[in-house]
Amino acid sequence: MGRRIVGLGLTLLLGGASAQTVDVRVADIATAPLPRSVDLGGKTYVDHGLVAAGSLPAGTIDFLGDTLGSFSSLMIEPGSWKREGDTYTGVLWTLPDRGRNDPEHNVFFDYRGRLHRFRFSMNVASAQSSFAAEAAPTGGMVSLVVDGGRELRDFDGRPFTGAEPAQGVRKERGIVLPSPASGIGAGKVSLDAESLQFTRDGGFYVGDEYAANVYRFDAKGRLTGTVVPPKAVRPLDAAGKPDFTSLRPPATGRRNNQGVEGMALSPDGTRLFVALQSALIQDTAPGDASGRVLTRVLVYDVSRDAAPKRPVGHYVVRLPAYNDLGNGVAPNKTAAQSEIRVLDNHTFLMLARDGNGLGADGGKPFVYKSVLLVDIDRASNLAGTVYETSTTSVLGSDGRLRSDIHAAAWKPLVNLLDPTDLARFGLGLDADGKGTTPLSEKWEAMDLVPVLDPERPDDWFLLVGNDNDFIAKHCVMDGQNCDSTIDNDNRILVYRLTLPGMRSTAASNHR
């Protein structure tokens, strides 16, 4: 399982209108010294590098007696973030997905949907000593203490299940939901939770892979509403009926296991951004191994209705493409997006990654794990068009994005594969030891909290967490054994960023 960092010359498909039809070679941004600056939309954003890191053992048991794992999303509870000197504390909530599973052999558990609660603390080096110089800052430590959790329940108070719904459905309040017709989890709503966003009233949204729905919960974890995606996104079979299975792709709509992977509210709380993990079935270029790059991002107005029926914004974002052998030749994979965090009404951070690292099979090299800065300001708004209300593809007859549709622009901001930055925290990009812990495969969680530095009011901490897929040498799920041959610890990396214009509404939510 030896892995290596790829050097210069990754082949990527970039996200601006000028790069809609060509492959562009760019240098690996890991070679640029910290801090690294990016200009977009007339603003300068800065990555100052890693400032802290921490982990939780893979075999940790949660409040319901199952192995605690799978940081598919995370968020610091609004109002809990505090600073005292160089120590920060808060309440951290993390979201697991559907539990340990093996789709290839149709092995699923009746894993109850839940949130995990932690007491979070972080020590970082003095801002004065770390950021006065141009060199990368020295690092700190993240501590996570398990502190219970919250179980998710449907309209009728029943728990959700992580079990595969197959062809089963359940209708609630006029909405067709995925539900196993028989066997494990029968009668419950199937949930493969991937994204989390708290609201100011203490409630929260959860994004789902099975149905590509977004579920609205109250502060106690009870379902109060459902944001159903437009027809273009819903997984449908050839007859136009719901097809929620994760074992194979539907005829149109979200790809199996590629649903609502990213979701976040705008800082003022009025807009909910929802991002699919990769391209819809109908937007996949035929015969192109990296043809999943044209994902969709929906924007809903939630200022008056917490579960609106249709989006006010609908955009195409072109994801990076890469060669999974890291040799710089033609791309054969898509760096699927795994989380977003919104900076304003048109700019957001998006985490895009390869499928290589600890926990993955094949021993392929690390190629691409980056946080992108995305701007939809000049992208085509497809809300209300046939590309949303029907299953019409955004591809033209040549298999490329139609010339009259402009994808959102983006630039890479944070590179998670910077070997120098990682080494300061005992992390590396090789599985053969060499005194470092190999980076895991799936980085899927992000949140932003203010640094609370009056001399640098635009500085924020970016928390990035991994989904370890419940991979632990000693694993228990729904009372059954689910042991693996390795421990893939839950891990959080903390970066310091300068994000101009974020300090007003967003920072006040964390005081």
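Phenylalanine 470 is placed in the loop between β29 (459-466) and β30 (476-477). The model described here is a predicted one. In this model the phi angle of phenylalanine 470 is near 60 degrees, which is a positive value in a residue other than glycine. The relative accessible area of phenylalanine 470 is 0%, and because buried means under 20%, the residue counts as buried.

A positive phi also occurs at asparagine 257, where the angle is near 60 degrees and the residue is again not glycine. Asparagine 257 belongs to the loop between β15 and β16 (260-265). With a relative accessible area of 23%, asparagine 257 is partly exposed, whereas phenylalanine 470 is buried. A further loop, between β2 (24-26) and β3 (36-40), contains proline 35. The peptide bond that joins leucine 34 and proline 35 is cis, with an omega of about -5 degrees.

The structure contains one disulfide. In general, a disulfide is a covalent bond that links the sulfur atoms of two cysteines. Here the two partners are cysteine 475 and cysteine 482, and their sulfur atoms are 1.9 Å apart. The torsion about the S-S bond of this pair is about -75 degrees, so the disulfide is left-handed. Cysteine 475 has a relative accessibility of 4% and therefore counts as buried. Cysteine 482 is likewise buried, with a relative accessible area of 7%.

Four strands form an open sheet in the order β12-β13-β14-β15, and their pairing is antiparallel. The edges of the sheet are β12 (193-198) and β15 (223-227); each has a single partner strand, so one side of each is left without a neighbour in the sheet. On average, neighbouring strands of this sheet are turned by 25 degrees against each other, with direction ignored. Strands of a sheet pair through backbone hydrogen bonds, and the pairing may be parallel or antiparallel. Within the present sheet, strand β13 (residues 204-208) and strand β14 (residues 214-217) run antiparallel and are joined by four bridges. Glycine 207 is set opposite valine 214, a residue of β14.

A search of the whole structure gives four cavities of 30 Å³ or more. The largest cavity holds about 50 Å³ of space. Its lining consists of Pro96, Asp97, Arg98, Tyr111, Gly113, Arg114, Thr161, Gly162, Leu191 and Ala193. When sorted by class, the lining of the largest cavity has four nonpolar, three polar and three charged residues.

The largest pocket has a volume of about 1300 Å³. The pocket is lined by 42 residues, of which Gly355, Gly359, Glu441, Lys442 and Asp469 are the closest to its centre. The classes represented in this lining are eight nonpolar, 13 polar and 21 charged residues.

Notes
Residues numbered from 1 in each chain as written. Predicted model: local features only at pLDDT ≥ 70, side-chain atom pairs only at ≥ 80, totals over all residues. Heavy atoms only, no water. 1 Å grid on protein atoms, 1.4 Å probe; cavity = no way out; pocket = protein on both sides within 12 Å on 5 of 7 lines; lining within 4 Å. Points joined across faces, edges and corners; volume = space filled by probe spheres on them. Nonpolar A, V, L, I, M, F, W, Y, C, P; charged D, E, K, R; others polar. Disulfide = S-S within 2.5 Å. Buried < 20%, exposed > 50% of the residue type's maximum accessible area, 1.4 Å probe, protein only. Pairing = 2+ DSSP bridges. Helix = DSSP H or I, 4+ residues; strand = E, 2+ residues; numbered from the N terminus. Axes fitted to C-alpha atoms, helices over the stretch in contact; angles between N-to-C directions.
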